[in-house]
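Subject: Structure for your review

Dear colleague,

Please find below the structure that I am handing over to you. My notes on what was found in it follow directly after.

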Amino acid sequence: MVHWTLVVTAVVCVTLMVVAGLAAVTREWVPPFGRGRVLRPRLWGAGVLASALGLSLFLSLGPLASSDLAVNLYIPLAGMAVNLAGLAVQMLAQRPGHAPRLPPTPTTNAS
């Protein structure tokens, strides 16, 4: 019973991530909790999609896999690596780009 509860929770979370990623990539829509920080919504959406793919690989072939679907150790770890790469892309989407440098303002007072 607990196993299926965890499986359903994982499926719902990954599905929500895919929906948010697709909305960001296609419509440049970001959920309300990230609107103030995300500067490049399409890049953020691609990162969310990569994280969802990696997380689903990790969970379906790792801790939540049934005994007949259990694979070797490296495929779930590859899924976790894809998840972390997606998180890195999401962080890059929150960083500002290179802005042109403005000339320094004068600090002396003209009397």
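Contact here means heavy atoms within 4.5 Å, and buried means under 20% relative accessible area, exposed over 50%, and partly exposed in between (1.4 Å probe, protein chains only). Helices (H or I, at least four residues) and strands (E, at least two) are DSSP runs, numbered from the N terminus.

Please note that this is a predicted model, in which local features need pLDDT of at least 70 and side-chain atom pairs count only at pLDDT 80 or more, while totals for chains, interfaces and linings use all residues. Residues are numbered from 1 along each chain as its sequence is written, and side-chain values use heavy atoms, with hydrogens and water left out.

Overall composition

The protein chain holds three helices and zero strands, and its elements run α-α-α from the N terminus on. Of its 111 residues, 25% count as buried. Among contacts in the protein chain with a separation of 6 or more, 65% are accounted for by residues 24 or more positions apart. The accessible surface of the protein chain comes to about 8100 Å², and 70% of that surface belongs to carbon and sulfur atoms. Accessible areas come from the Shrake-Rupley method with a 1.4 Å probe; for residues, only the protein chains shown count as cover.

Helix H2

H2 has 21 residues and reaches 30 Å from its first C-alpha to its last, close to the 30 Å expected at 1.5 Å a residue. The expected span is 1.5 Å times one less than the number of residues in the helix. The buried residues of H2 are Pro41, Trp44, Gly45, Gly47, Val48, Ser51, Ala52, Gly54 and Leu59.

One of them, Ser51, has a relative accessibility of 1% and therefore counts as buried. Not counting residues up to four places away in sequence, Ser51 touches Met17, Asn83, Gly86, Leu87 and Gln90.

Leu49 is also found in helix H2, but this residue is partly exposed, with a relative accessible area of 26%. Leu49 touches Val18, Gly21, Leu22 and Val25, again not counting residues up to four places away in sequence. The C-alpha atoms of Leu49 and Ala20 are separated by 8.4 Å, although the two residues are 29 residues apart along the chain.

Helix H3

Helix H3 (residues 74–94) has 21 residues and reaches 31 Å from its first C-alpha to its last, close to the 30 Å expected at 1.5 Å a residue. Its buried residues are Pro76, Gly79, Asn83, Gly86, Gln90 and Ala93. Seen down the axis of H3, these buried residues fall within an arc of 80°, so they line one face of the helix. The arc is that of the directions from the helix axis to the C-beta atoms. An α-helix has 3.6 residues a turn, so residues three or four places apart point the same way.

What covers the buried residues of H3 includes helix H2 (41–61). Gln90 gives an example from helix H3: this residue is buried, with a relative accessible area of 14%, and touches Trp44, Gly47, Val48 and Ser51, not counting residues up to four places away in sequence. The face of H3 turned away from its buried side carries the exposed residues Tyr74, Leu84 and Met91.

Val12 has its place in helix H1 (residues 2–27) and is partly exposed, with a relative accessible area of 44%. Leu16 is found in helix H1 too and is exposed, at a relative accessible area of 57%. Together, Val8, Val12 and Leu16 make a nonpolar surface patch of about 280 Å². Patches are made of residues with over 30% relative accessible area and no salt bridge: like charges are joined within 9 Å, and nonpolar side chains (Val, Leu, Ile, Met, Phe, Trp, Tyr) within 5 Å. The C-alpha atoms of Leu16 and Ala52, 36 residues apart along the chain, are separated by 9.0 Å.

A charged pair

A salt bridge is a side-chain nitrogen of Lys or Arg within 4 Å of a carboxyl oxygen of Asp or Glu, and by this rule the count comes to one. Glu28 forms a salt bridge with Arg42, the closest N and O atoms being 2.7 Å apart. Glu28 lies in the loop between H1 and H2 and Arg42 in helix H2, so the pair ties together parts that are 14 residues apart in sequence. Glu28 is partly exposed at 43% relative accessibility, and Arg42 is partly exposed with a relative accessible area of 45%.

With kind regards
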